[in-house]
Structures are given as C-alpha cells and as structure tokens.
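Reader: Could you walk me through how to read a few features of a model like this one?
Author: Gladly, let's look together.

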Protein chains: 2
Amino acid sequence: MLYAPPIARLLEELERLPGIGPKSAQRIAYYILRSDEEVAGRLAASLLEVKSAIHFCPRCFDFAEAELCEVCADPERDTTLLCVVEEPRDVVAIERTGEFRGLYHVLGGVISPMDGIGPEQLRVRELLDRVSGGSVTEVVVATNTTVEGETTALYLARMLKPLGLKVTRIASGLPVGGDLEYADEVTLGRALEARREL
Amino acid sequence: MLYAPPIARLLEELERLPGIGPKSAQRIAYYILRSDEEVAGRLAASLLEVKSAIHFCPRCFDFAEAELCEVCADPERDTTLLCVVEEPRDVVAIERTGEFRGLYHVLGGVISPMDGIGPEQLRVRELLDRVSGGSVTEVVVATNTTVEGETTALYLARMLKPLGLKVTRIASGLPVGGDLEYADEVTLGRALEARREL
C-alpha cells in the first residue's frame, strides 16, 4: 500500500474533480498535510457552505445566494434585454466585460442529439414562459460558437421570432489583437461575411 | 460582484492550492455546485480526516497513520539499508518501483542557502542519531539531481562516511527509452562517465 488510508481517500476524492489527475491530487494532498489545520478546515467549510447556501435562481437559473440572483434582483438592469447562455460560467464571462446591462437566462447546456440532450433537458420551456410574460423585446443568444451552440441558437431563434421578439446572436470574427495569418478559415470567413462599414 | 459570497470564498480557498489558478478554481467550484451534496461532503470529510489522522512517523518522518509508518512498522524490511529522500512524495515514487526493500529517512527538504535552509532546518540531526544507533550499514542518498539535491548529498556523505557507513548515490544517466539525441549535455556526460561493462 503506497498511501495510508486517509491519504488514499483524500486522493480519491481530489481525483474526482475536473482537471485533477493523480499528480495534481498528490501535490494538493501533500500541501494540505504540510499546512496548518486551518487550511484544510477553511476549505472543508467553504465546500459545505457553498452547497448549503447556493441554489439556482428561479428566474434565470444562474447560481444565487438570496432568493433571486444578484442580477435578477438588481432594479438597475435593463429588463427588455435578455441574454441566453449555456452555463453560469458564461454569465461571469459576460459580466466581466461590463458591456451588458440586461438580464440572463442560463439554459444549463446545449442541444446535442449525440448526448441525448434536446430542448426538454434544457431551460427552454422556462425561457419561453419568461419572454411571453412581458417586458423582454430582444433576446441575445450567447451560446458558444460550436456546432451545438449554433444549432441551439438557430432552434431558439425559430421558437422566439414568432413571438414578435428581436433575436440576435453574438458576433463571430477575429479575436481582438488576433493575426489574420493565424486565424482558421471558418473564423476568417465569418469575419469577412460580417464586415462592417467604417 | 461577479460571484455570490459563498462561491467567492470557495474560489479563494481553491486558488490557495498548488497548481490551481482562477480558471481551474472556477471549474472545480462549478463542478461542486452542480454535483450531489455528497461530493462536497465526502471531499470536506476527507480533508478534515487527513489532518486529524495523519502525523509524521517519529522514525523516518514520512506521513503515518499508526504510531509508526507502514514501512518502519514492517518487520520484513531490510534495516541495514537506509534511503534518504527530500519529501514524502519521493518515498511513494521509490516504493512504486518495487526495487527497494530497506527503510527511508525523509529530510523535509534540501540544503539551500538561497532560501535560508541549512542542515538545522532539515532532519539531519535525526538521521545521524538514527544511523549511529545501530543496524544501518549503507545509506542511499536519493535527493533530487538538482544543484541543491547534489549539495545535500555531498554534505550527507561528508557527515556519514566518518561513521564507517557506506554512502551511495542513485545513478544519473539517460532515462530508459530515452533518445541520445534529445538528452541534455550534462545528463549525457554523466551517462558516459558512469558507463558500465557489459
């Protein structure tokens, strides 16, 4: 036996985490073993706290601590603009830009027939209920620019346009600071197609 | 505020871990949030258990659950052979080879004047006490083949040889399956110098 059982159990739990292989797990476990008791204590407490204190916002399905998430609870946000994203991490990415003042709707994934995920497995029903309820005039579809993300965007456009909503898609093109030479053909093609007058 | 406070606290604790940056921390936190309560519970419990159940073996200074570590407690091990390593992870690496049947001594680091670490900060005193006590006849110095590791090996040889002990060093050379072409000059030089008759 290479490790004492309590160390082996910690390694097993650490290796379940995404992106943590045996080497990283060992490094983390030995760091915990070498550190003050507090380090393990605070990490353990924050793991338990996050599970007891955080739930899904019943409106946008982002993570929330209060009844509603902070964005939904903020009276300053533009309630006519709704941005649809795949996952809570995408909300963080967009909030970081400081460019968006509307509300969000987190689908919880994308349509992917290969993985058996259709609109019923996502929060599409809740999205339709939400926009039919009222003040939203434009839905920005900000799913990833993968095949599944694009499929989901097209599907949502087909569902939402008949309701009289403006449906937009985030732009594809060259990353800022990007070199034409190194762009893949599909991205460069999209950037040309979506050219704007200066 | 990008994250609800309990999520922000978990991210902060995760980012303290070695090899975990903001992106990995977010990925892990969101995995925990999406998973069953048990996942966080088991990880938290194993973090606390490892700190309460594991201590240093008073003989070799590896991590131990019982009074002595498993290697020191094993009557089948060869007590004439002592392998000196830097850290507990090195014991795991050597045990994995299945080639060593002696005992270990974990220094807890290497001599590194730049970092203010001298023999007094390591378990050198304990090593000398241990070998002067009795049955050890050969000390294999298996510190890393870094400048500090080599310095430490030379220092230990100087301390241990006058006690009538055989002091050996693990071999340096080409990794098995390694290509001569890609070996660095120092390694290749060492491999030539330490050539053996076939």
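Reader: Which helix gives the most to the positive patch?
Author: A patch here joins like charges within 9 Å, using residues with over 30% relative accessible area and no salt bridge (a side-chain nitrogen of Lys or Arg within 4 Å of a carboxyl oxygen of Asp or Glu). In this predicted model, α2(A) gives the most, with 3 residues. The patch gathers K23(A), R27(A), R34(A), R89(B) and R96(B) on the surface. α2 (22-34) of chain A and α5 (88-97) of chain B each supply at least two of its residues; helices are DSSP runs (H or I, at least four residues).

Reader: Is K23(A) buried or exposed?
Author: Buried means under 20% relative accessible area, exposed over 50%, and partly exposed in between (1.4 Å probe, protein chains only). K23(A), in helix α2 of chain A, has 67%, so it is exposed.

Reader: What rotation superposes chain A on chain B?
Author: Two copies of a chain are related by a rotation about an axis and a shift along it. Here the rotation is 180 degrees with 0.0 Å of shift, and the RMSD is 0.1 Å, the relation of a two-fold axis. In chain A, the residue closest to the axis is A44(A), at 2.1 Å (C-alpha).

Author: A note on conventions: residues are numbered from 1 along each chain as its sequence is written, and chains are lettered from A in the order in which they are written. Local features need pLDDT of at least 70, side-chain atom pairs 80 or more, while totals for chains, interfaces and linings use all residues, and side-chain values use heavy atoms, leaving out hydrogens and water.

Key: Patches are made of residues with over 30% relative accessible area and no salt bridge: like charges are joined within 9 Å, nonpolar side chains (Val, Leu, Ile, Met, Phe, Trp, Tyr) within 5 Å. Accessible areas come from the Shrake-Rupley method with a 1.4 Å probe; for residues, only the protein chains shown count as cover. Lys and Arg count as positive and Asp and Glu as negative; His and the chain ends are not counted. The place of a charge is taken as NZ of Lys, CZ of Arg, CG of Asp or CD of Glu. Copies are superposed by least squares on the C-alpha atoms of residues with pLDDT of at least 70 in both.
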